[in-house]
Amino acid sequence: MSLPRKLANLLLATSLFAGACSPAVTSRRDAGPGPRPTPIVTPAPKLDRDQVREALLQRRGVVFQRFLAYREARVYPVNNLAEGHAHVWLDASGNLCAAATLISADWGRAASERVALDNNFVRLSDIQDGPLMDWMLTSGLTHHELVAIQVPSINPDGSVTWDMPGVAPEVPDPRPAEIARLHDIYIDVERQLTSMWDENLELATDALMKRPDLARALIDGDTASAGKYGEPSHPSVAGGFAQPPPA
Amino acid sequence: MPAFLPKLSSLLLATSLLVTGACSSATRSASDAGVARAKPIHAIKVQPRAAEIDRAALRAKLRERREQSVARFLAYREARVYPINTVTPGLQHIWVDELGHLCAAATIISADWGYDQTVAAANGDNFIRLADVTDGALAEWMLTSGLAHHEIVAIQEPMEGGGNWRAMQMPEPDPTEQARLYAIYVSVERQISSLADESLELAVDALAAHPDLARRFLAGELAGEGGHDA
């Protein structure tokens, strides 16, 4: 072996030995030989829980005021459709239930009415996904608070036929008693909402944090859309408008 | 050229190749895993670790308690003997009224603690709101009731006062008020039953956040038992 070649071997060996224990070289190798390629998908920014909570607090205030306005208007759906207790989303006179009314202020009345086409006896406690669930998650109220708000109407023995043709004039109008019953319950629901305001807001925030897409949209000022219920092709429900009860 | 130079060169080459492979492999592994360099074994102090809470067991036991609490609530509702607000007009929480009638929440608690200790648990605040209670024996009882805090708050319905009924010489409680309370209790039952699983999960979360209490609960101890003097 010639001297230059031996010297070259010696230098190569020395440099490899030195390089093996150099963290800088290791870092460069891990980073790759050239500049990093631009990622195709940019990671979403970390969701700020305080921002989500603040946005929900605003929503909670708005939705709560809608509920109080609904309660004090004393125009509630009449259950002349099913015997016993029944959640009536939309009655034959066009009266929306409490939850449907709150939703209609965001989606519009037509979209809220279309929920009744799918199921006029829908129970929000059974809803776990879809536009109604998304709306609940961005309402600022918890699931259980909205379930408390959605009070069923009573038709004790199935004989309630008010506002329907053929009612005998001597039959006492059962509506005032039913309206009073519902109003009393709504008063209590208000108590439940206000007395657990902060604790329930935390629960609502926890629930929405599990849906980052909805949470980011809410922070940007967008509430959950009506989805399929907002489709103009969805057939509308024929019906009258809410009428106040007789004095 | 010295004679040992080729041998030294070969030795260095072999050593460097060996070290390169060993060091780079170790470095990449640690880097890829994203973990910090481990401490030497002698530097690790072994801490005594509390037993993990068995969430499934906690849930099962809370479910039993929940059923018991709900059954007590329904029995209270159907008995239709509710406290009478003789204190003030408007709505007011009455823990125990002048006739000794306990409110719904107090009645459920009394089945665990007994009447006297339940009365004492209000610590002199007969208008106590369980919504405001976040620690102490009552809070611990709520955590081990199987019900979520919001459910117990729903159960603890305030009473409507129509003035001083004794001064008005009313021999019986106001039936209108009793009917109002009954209707609300029916609605509360609906709330509790329709979200039973979801609320049970909240109750489990809440109790699991208090591991000591959860362990005592799993061991069969009821929260706050014997914690109040009659």
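In chain B of this predicted model, residues 24 or more positions apart account for 73% of the contacts with a separation of 6 or more, two residues being in contact if their C-beta atoms, placed from the backbone, lie within 7 Å. For chain A the corresponding share is 77%. Local features need pLDDT of at least 70 and side-chain atom pairs count only at pLDDT 80 or more, whereas totals for chains, interfaces and linings use all residues. Residues are numbered from 1 along each chain as its sequence is written, with chains lettered from A and ligands numbered from 1 in the order in which they are written.

**Elements and burial**
- Chain B holds nine helices and two strands, where helices (H or I, at least four residues) and strands (E, at least two) are DSSP runs numbered from the N terminus.
- Chain A holds 10 helices and two strands, in the order α-α-α-β-α-α-α-α-β-α-α-α from the N terminus.
- Buried residues, those with 20 or more other C-beta atoms within 10 Å of their own, C-beta atoms being placed from the backbone, make up 31% of the 230 residues in chain B and 34% of the 247 residues in chain A.

**Helix 8 of chain B**
- The buried residues of this helix are B:S199, B:A203, B:V204 and B:L207.
- Seen down the axis of helix 8 of chain B, these buried residues fall within an arc of 150 degrees (taken from the directions from the helix axis to the C-beta atoms), so they line one face of the helix.
- Their cover includes helix 7 (143-149) of chain A, as well as helix 2 (55-79), helix 5 (137-143), helix 6 (149-155) and helix 9 (211-218) of chain B.

Technical notes
Buried ≥ 20, exposed ≤ 12 C-beta atoms within 10 Å, placed from the backbone.
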